[in-house]
Amino acid sequence: MKLMTRREAMVQMGLVTGAIVISDCATNPATGERELILMSVEEEVALGKQTHPQIVNTYGIYENSQLQSYLRNLGQRLVQVSPRKNIDYTFTLLDHPVVNAFAVPGGYIYMTRGIMAYFNDAAQFTGVLAHEVTHVVARHSAQQYSRAQLAQLGLGLGSIFSEQVARFAEFLALGTQLLFLKFSRDAEREADRFGVQYMSEIGYDGIHWSYFFNVLERMQGDQGGLPEWQSTHPDPGSREDRVRDMAAKYQEERPGKDFIVNRNEYLQLIDGMVFGEDPRNGYVQNGVFYQPELGFRFPVPRGWGVANQAAEVRMAPENQNALLIFRAMEGGSPKNTAQQFVSANNISVQSSSEVTINGMNAYRVLGTAATEEQELAVESYFIEMGNNIYSFHGVAPPNRFGNYRGTFQNVANGFNRVTQESVRDVSPRRIDIRTANRAQTLQQALNSLGVPKDQLQQVALLNGMGLNERVLSGTRLKVLTG
C-alpha cells in the first residue's frame with residue numbers, strides 16, 4: 001500500500017452511485033443497431049468520472065511516463081477510427097501485477113503492468129487495447145449496468161472477499177465499488193470483431209494479436225486482486241482461431257498493405273518494468289506485513305487472506321465472515337480522525353478511549369452500525385506515528401464479533417515501527433531484455449542467460465513460447481532480474 005493524503009482518503013470514501021433513469025432505446029455506435037440502455041450518455045460519462053479516482057486510489061498508477069504516453073497515444077489513434085468520438089477517453093496504466101485490461105463507462109480504459117509484461121509485440125498490445133476501446137464504443141458497460149439495474153443486482157466489488165464481507169467494506173466507506181461487470185459472449189465477440197477492425201485500420205497486425213490468446217490459455221492459477229482478463233473473457237482457444245481468421249481476411253482484402261508487429265520496439269519499451277508484486281509497496285513475510293518505505297509492520301492472522309492495495313490492506317479469514325481493513329493517511333490526531341470516521345459512517349459508539357500502542361498515541365472506538373440488511377459490530381484503532389495516522393477497522397456481524405475481536409486487537413496492538421535495514425532494503429523483480437547469441441532452443445537460450453531452472457516455465461510463458469521452440473541468433477528475450 002501507499003500513503004494517502006487526507007484529500008485522497010476523502011475521495012476514496014465516496015462510493016459509486018449515480019441516478020439511473022429509463023431512457024429511450026439507444027443506438028449502439030459500433031453496430032448501428034437499436035438497444036435498450038437505461039443510462040444516458042451524460043450519466044455514463046458522470047459514472048466514469050466518479051469511478052476513475054477510486055480505481056486509481058485503490059490500485060495506483062504505474063509511474064512511467066513513456067509507457068503511459070504509449071498507452072494514451074495508441075488509444076487515441078484507435079478512437080479516431082471508431083464511430084464514437086463524442087466523449088473524452090482516458091487511458092491509464094495501473095501499478096498492479098494481475099493480468100488484466102478493462103473499461104468502465106464513459107471512456108475510461110485501463111491496463112495493468114501485469115498484462116503489459118505478457119505482450120511480446122506492439123500488435124498484441126494494440127489488439128487488447130482495441131478490444132477494450134470497442135467495449136466503450138459499443139457501450140457494453142452501460143448495457144450491462146442497465147441489465148443489472150433491471151434485475152436488481154449489485155455491482156461486483158473488486159476484492160478477494162465474499163459479497164457479504166464486501167458489503168461490510170462498502171458500509172464503512174472504505175471499499176471501492178468497481179464496474180467489473182462480466183460481458184456476454186456476444187459482447188466479447190463484438191469487441192473482438194471491431195477490435196480487429198480498428199487495430200488493422202491503424203496498421204497493426206491482428207494475426208499477431210491472436211497469438212496472445214494462446215498465452216492466456218496456458219496461464220494457470222489465481223493471481224488475485226483485479227479480475228483477470230483471462231477469466232472474464234470466454235474460451236481463449238476458439239477466440240484465437242476466430243481473431244486470426246478475421247485478421248487474415250482483412251489483410252487478404254488489402255494486398256500490398258504492410259501491417260505492424262514491432263516486437264523489438266515493444267520489448268525495449270518494457271525493459272526494466274516491475275514484474276509481479278512490488279515489495280516496496282508492502283509485503284508479507286513469516287506472518288508479518290511490512291511496509292518498508294513508510295517503516296511500519298503489523299501481524300497477519302494465521303490463515304487469513306491478504307489483499308494489499310494502493311490505498312489500503314484488507315485481511316479476511318478463509319470463511320470470509322469478518323474483515324479487517326488497514327489504512328494510512330496524513331495529518332490530524334487519533335481522536336479527531338476517529339470522530340470524523342464515526343460521524344461519516346454513523347457509528348453508534350459503545351465505548352471509546354485513548355490508548356498507547358508500542359509507545360504511540362492511539363484512540364480506540366467500539367460500536368455498531370445498521371446497514372440496510374443487518375447490524376454490524378465495528379472496532380477501530382487510530383494510531384499516530386510521525387506525521388501520519390494509521391487505522392485498523394475490524395468488522396463482523398454481532399453474533400460472530402466475539403470470535404474475532406481478540407484477533408482484531410492483536411493485529412492493532414502489534415502495529416510497530418520497522419528499523420531493520422534488511423526489512424527496508426527491498427527491491428522488486430524486473431523485466432530485463434536480453435539477446436540470444438546463437439540459434440538454439442528457447443531453453444538453451446534461457447540457460448545461457450542464467451535463468452534459474454525453477455523459473456524456466458514462467459519465463460517461457462512470458463516470452464509466449466515453448467521451451468523446445470527454436471530461436472534465431474539475435475532474438476530478443478525477456479528474463480527476470482531481482
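How exposed is arginine 242? With a relative accessible area of 27%, arginine 242 is partly exposed (buried is under 20%, exposed over 50%, partly exposed in between, with a 1.4 Å probe and protein chains only).

## Ground rules

This is a predicted model, where local features need pLDDT of at least 70, side-chain atom pairs count only at pLDDT 80 or more, and totals for chains, interfaces and linings use all residues. Residues are numbered from 1 along each chain as its sequence is written, and side-chain values use heavy atoms, leaving out hydrogens and water.

## Around aspartate 192

Aspartate 192 is buried, at a relative accessible area of 0%. Arginine 239 pairs with aspartate 192 in a salt bridge, with the closest N and O atoms 2.7 Å apart (the rule: a side-chain nitrogen of Lys or Arg within 4 Å of a carboxyl oxygen of Asp or Glu). That pair ties helix α10 (residues 236-252) to helix α8 (residues 185-201), 47 residues apart; helices are DSSP runs of H or I, at least four residues, numbered from the N terminus. Arginine 239 is buried too, at 2%.

Arginine 242 also meets aspartate 192 in a salt bridge, at 3.9 Å from N to O. Elsewhere, Glu44, Arg84 and Arg139 are linked in a salt-bridge network.

## The nonpolar cores

The largest nonpolar core has 72 residues, and Met111, Tyr118 and Phe125 touch the most other members. A core here is a set of buried Ala, Val, Leu, Ile, Met, Phe, Trp, Tyr and Cys residues joined through side-chain atoms within 4.5 Å. A second, separate core of 29 residues includes Phe401 and Phe408.

Definitions and conventions: Helices (H or I, at least four residues) and strands (E, at least two) are DSSP runs, numbered from the N terminus.
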